[in-house]
Amino acid sequence: MGIQNDIVKFNVGGRIFQTTATTLANADRDSFFGALFDDNWDLKQPINGREFFIDRNPDCFAVLLDLLRTGDLYIPSNVPERLLYKEAMFYGLIGHVRSAKRGPFDGNRLKLSKSVTGRAPGDGTAIRAGPDGGCCVAHGSMVHVFDWMLEEHPPLNLDYQRVNDIGWVNAESVLISACERLGRGDSGMGLFSSYTGDLRYKFNVVHDNQIKSYTAGALCFSPDYKIFASCKGRSNEYGIGVWDQVTGKQIDFFYETPGWSLGEADKLQWLNGTTCLLVATLFPRKDNCYISLLDFRQKSTVWSWSDFGAPLTVDEKRARDAIAMEDCNSVCVVNEYEDLGFIDLRISGRSVRWSSRSRLMKGKMPDEPCYPKLALHNGQLFSSMNDSISVFCGPDWVLTSRLRRSYGGSICDFSIGGDRLFALHSEANVFDIWETPPTLVI
């Protein structure tokens with residue numbers, strides 16, 4: 001970093017602040033202050049004696065400037081935390097505020113910070129953590145959006161059809177995949193403003209130069225602004241669609257081959273190392289489980305696994321969720337007893353290496369089962385089962401802790417993002433927020 005020691009002046013709402021380029025360089029590249037620097041973190045032009053006017057709240061600016069100077073966050077009594085949150089969003093410093101308020105995310109140190117009761121009838125079906133520490137929750141055909149302060153924004157819906165998946169494109173945009181409305185050509189996918197709830201545009205599937213009605217399922221995103229979704233129509237529009245995140249235009253489609261299941265996939269995951277897409281269609285959506293890696297550049301399946309033909313006596317070993325672990329060259333799967341299994345990514349068709357050391361539950365599933373879900377975050381593996389979430393660490397994925405509260409019922413989904421873990425309970429229509437407490441309280 002070639003940071004210059006220029007003094008920088010700001011006039012914020014009539015109050016004068018002085019700081020240095022070194023202090024401002026502690027902000028992120030995509031922050032308000034990052035725009036003042038070039039690629040080498042040098043000020044784009046000498047600005048000694050110049051004064052930048054910003055028509056914002058000066059009290060909040062003082063708090064945020066001290067945060068950049070010291071890394072500590074002190075909020076005086078005259079500054080509402082909600083207002084500070086809005087100002088931090090404006091300056092692109094919300095990540096700094098989150099880090100100062102909470103310790104680095106660690107599954108073994110998570111504490112329950114709050115529970116939020118759902119405001120929609122019916123059971124929750126999916127929850128997704130947002131990049132700013134908020135989340136969105138699907139209840140039937142409605143999606144409820146919460147910001148970092150857990151205040152609710154206007155709800156989202158796509159033709160009032162059942163929501164299958166939700167995805168955060170960025171902090172301002174939420175993508176919804178939903179069932180088609182027969183005879184209407186509605187639903188599929190829609191992009192919404194997370195702040196206003198307004199529908200920005202819908203995503204079409206085009207086959208033989210005709211727009212087709214379809215149901216969109218699992219979603220995921222790649223770093224080069226592509227959106228992937230499992231799709232099924234009423235003719236031959238079964239497979240994985242690809243859209244440009246910026247324009248909303250369809251740019252590719254990977255059609256389902258006979259005897260394989262892509263259009264009803266439960267999970268999609270983009271793998272940066274291999275630039276391939278993991279597609280998993282799992283029991284009980286299908287009688288058998290299908291997991292594959294697709295290379296869209298060659299329109300080929302580069303790796304695949306299925307339990308088709310496995311003996312019926314090993315039904316309890318059927319995969320309920322899957323996640324790729326590129327660093328380990330494996331795909332991790334979990335069954336209804338929370339046994340972890342591992343499949344070698346280097347060899348197609350390799351059998352699952354099950355590990356019973358993680359078994360935390362014996363007996364049958366409850367009358368209304370919530371199938372286990374997996375997540376990988378900061379080198380830790382998370383698995384939900386009934387009313388708790390287990391944390392596994394180390395090269396052998398040893399069980400190190402469990403997250404559970406005393407009420408709420410089974411967990412139907414959970415998600416990690418913005419330094420928080422969100423767990424959605426199906427029966428009580430409530431979600432929990434787990435955070436790592438800071439080591440030092442300011």
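The model is predicted, with local features requiring pLDDT of at least 70 and side-chain atom pairs counting only at pLDDT 80 or more, while totals for chains, interfaces and linings use all residues. Residues are numbered from 1 along each chain as its sequence is written, and side-chain values use heavy atoms, leaving out hydrogens and water.

Eight of its nine residues are buried, so β14 is largely enclosed by the rest of the structure; buried here means under 20% relative accessible area with a 1.4 Å probe, protein chains only. The partner of β14 is strand β15 (residues 226-233), which runs antiparallel to β14 and is joined to it by seven bridges. Two strands count as paired if DSSP finds at least two bridges between them. Within this pair, Tyr214 stands opposite Gly233 of β15. Three residues separate the two strands of the hairpin, and Tyr225 in the turn has a positive phi of about 65°.

Four bridges connect β26 to strand β27 (residues 380-385) in the antiparallel sense, with Leu376 opposite Leu381 of β27.

A cavity is a set of points on a 1 Å grid over the protein atoms alone where a 1.4 Å probe fits but cannot get out, and lining residues have an atom within 4 Å of a point. The second largest cavity holds about 30 Å³ of space, a volume being the space filled by probe spheres set on the points. Among its lining residues are Leu403, Arg404, Arg405, Asp432 and Trp434. By class, the lining has five nonpolar, one polar and four charged residues.

The whole structure has two cavities of 30 Å³ or more. The largest holds about 40 Å³, and its lining includes Tyr85, Asp132, His153, Trp168 and Tyr195. Six nonpolar, two polar and two charged residues make up that lining.

Technical notes. Buried < 20%, exposed > 50% of the residue type's maximum accessible area, 1.4 Å probe, protein only. 1 Å grid on protein atoms, 1.4 Å probe; cavity = no way out; pocket = protein on both sides within 12 Å on 5 of 7 lines; lining within 4 Å. Nonpolar A, V, L, I, M, F, W, Y, C, P; charged D, E, K, R; others polar.
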